[in-house]
Amino acid sequence: MGDYLLGLDAGNTVIKAVIFDKAGNEIAAAAEEGHSRMPSPGHVERGLDELWTNARHVIRACIEQARIRPDEIAAIGCAGHGNGLYALDRDGNPLLGIQSLDTRASGLVEEWRAADVGERTYPIARQRPWPSQTPTLLAWLKRHRPEQFKRIGTVFFSKDFVVNRLTGSRVSEVSDMSGAGLLDLAARRYDKALMEAYGLGDCMDLLPKLIESADIAGTVTEEVARETGLAAGTPVVGGLFDVVASALGSGVSKTGSASIIAGTWSINQVIIDRPDLDGPVFMSSTFDRTRYMAMENSATSAANLEWLVREFFEGEHADGVSPFDACCALAGAIEPAADDPLYHPYLYGAQQDGHARAGFYGIAGWHTRGHLVRALLEGVAFGHRAHIETMRRAGAAFNEAVLSGGGSRSLIWPQIFADVLGLPVTVAFSRETGALGAAIAAGTGTGMFSDFTEGAAAMVRTERHYRPNVALESHYARRYALYRDMADAMAPLWRRLTATEPAVSGVAA
């Protein structure tokens, strides 16, 4: 067996390849950004051919950078963003890639909510329908794009598409399928009654073979070996829902451990020994063969900072300083004050409200760009706090958390998280926790580790620790209450703002 593991991480925007040794050291890494298409308001898609092209590029670049023989890679694991909808046609060719930022099905979710569809799905899947959930999108296509729907042969997820291209296998695994509300969670299998609740009872044949995360999905084909520099026959495991992979890659592997991910999505999760908590949460996913991950999630996290940088700060940083670090430095220079602006992080809607929109509130003439950046960083942390409060009401108990995702790379944002959440926060050493979690799954699947916990113990180490500033406790309690009250007040106005109107024509520029 080789001494190295290759972890792939197919996110909403970037695909990464990272080679690790058995101790979790990064030997080489490569990344390539893809392009999202927004053909209509609320529609967020990607080209699958581009995704595979980028995957081939980063794999080859990573191997060349590592300067190891391809056969020294013992196995490959892939993580990827959950939900959305990735489809092959009936001949196995790439057909459609809808990302998990898509909100086209918001109207269908409202219709289903009125019809109590969630009351039928939750007891089985521990999840109610929401706009970018995979079965919701599939039902939307069935209704609104019937010709495209008829062409679908296999429905799965971003990382499953990459695994399919590597091996030729049409499979998915339990963490992604359960995270999308497509499994009977307790039984950990597909369920006809669940699919019928979504109006998809005739779509069971579109679901791929279901395997465990660390099961071998297939091996690298000869053709792919020529295209990527991999060794033909290298085992590829089923992989992981990226939020589970990131938790694992940050060291969260034991029951009761909590993980917060500040990435494109706000992910807040805790490992439990049973399918659900005492009260409802947004979703639950399987973690391994016997445990589960309870989650409260929404597309309200670091994507907000990415947008701010892209639209207002790109190209304004000093040599050697990234615009993200420059933004965080501006925020760090601001002394917190009672009249600081507030920000709602709803660029891609709220968890249960696809009409929600982002916004700054309370801006005064003396506020600077630094105040706005700090408001955004705090607003994202407030969004995480709302999710954590939901988990605690459902019975989750934890007194500290590990922070990962792009937000954890800042030296300032983790302290804001600790202060807003009132929790000690640890940041893992590895910046590529999703790829590392996928590599741990690959090592487990090939017998390098006996289970995920042993793999995490061998490959993960921590870097920084943050404790909440007790002097800011009342300050953030007041601001959080304002944040929630303003969101409640804005909800009917967001709905009016996003109401469909006839196109305005004949208006001179």
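**Note on the predicted model: ring contacts, a pocket, strands and backbone**

1. In this predicted model, the charged end of Arg104 sits over the ring of Trp140, 5.1 Å from the ring centre, where a charge counts as sitting over a ring if NZ of Lys or CZ of Arg is within 6 Å of the ring centre and within 35 degrees of the ring normal. Arg461 likewise lies over the face of Phe429, at 4.1 Å from the centre of that ring.

2. On the basis of the values, the model is predicted, with local features needing pLDDT of at least 70, side-chain atom pairs counting only at pLDDT 80 or more, and totals for chains, interfaces and linings using all residues. Residues are numbered from 1 along each chain as its sequence is written, and side-chain values use heavy atoms, with hydrogens and water left out.

3. The structure holds 12 aromatic pairs, a pair being rings of Phe, Tyr and Trp (its six-membered ring) with centres within 6.5 Å, called stacked if the planes are under 30 degrees apart, edge-to-face if over 60 and tilted for the rest. One of them joins Tyr346 and Trp494 edge-to-face, at 5.5 Å centre to centre with 85° between the planes. This pair links distant parts of the chain, since Tyr346 is in the loop between β19 (342–344) and β20 (359–361) and Trp494 is in helix α17, 148 residues apart; helices (H or I, at least four residues) and strands (E, at least two) are DSSP runs numbered from the N terminus. Both Tyr346 and Trp494 are buried, with buried meaning under 20% relative accessible area, exposed over 50% and partly exposed in between (1.4 Å probe, protein chains only).

4. Phe382 and Tyr483 form a tilted aromatic pair, 5.3 Å centre to centre and with 50° between the planes. Phe382 lies in helix α13 and Tyr483 in helix α17, so the pair ties together parts that are 101 residues apart in sequence. Phe382 is buried, with a relative accessible area of 1%, and Tyr483 is buried with a relative accessible area of 1%. Phe382, Tyr476, Tyr480 and Tyr483 form one aromatic cluster.

5. About 630 Å³ of space lies in the second largest pocket, and of the 26 residues that line this pocket, the closest to its centre are Ala350, Gln351, Gln352, His387 and Arg484. On a 1 Å grid over the protein atoms alone, a pocket is an open set of points where a 1.4 Å probe fits, with protein on both sides within 12 Å along at least five of seven lines, and lining residues have an atom within 4 Å of a point. The volume is the space filled by probe spheres set on the points. β18 (292–298), α13 (369–393) and α17 (473–497) each supply at least two lining residues, and the largest share, six residues, comes from α17.

6. Strand β21 (residues 401–404) runs parallel to β22 and is joined to it by three bridges, whereas at least two bridges found by DSSP are needed for two strands to pair. Ala401 has Val425 as its bridge partner in β22. Both faces of β22 (residues 425–428) are covered, with Val425 and Val427 buried on one side and Thr426 and Ala428 buried on the other.

7. Arg67, although not a glycine, has a positive phi of about 55°; Arg67 is found in the loop between α1 (48–66) and β6 (73–80) and is exposed, with a relative accessible area of 78%. Arg126 also has a positive phi of about 55° without being a glycine, but Arg126, in the loop between α3 (117–125) and α4 (134–144), is buried, with a relative accessible area of 13%.
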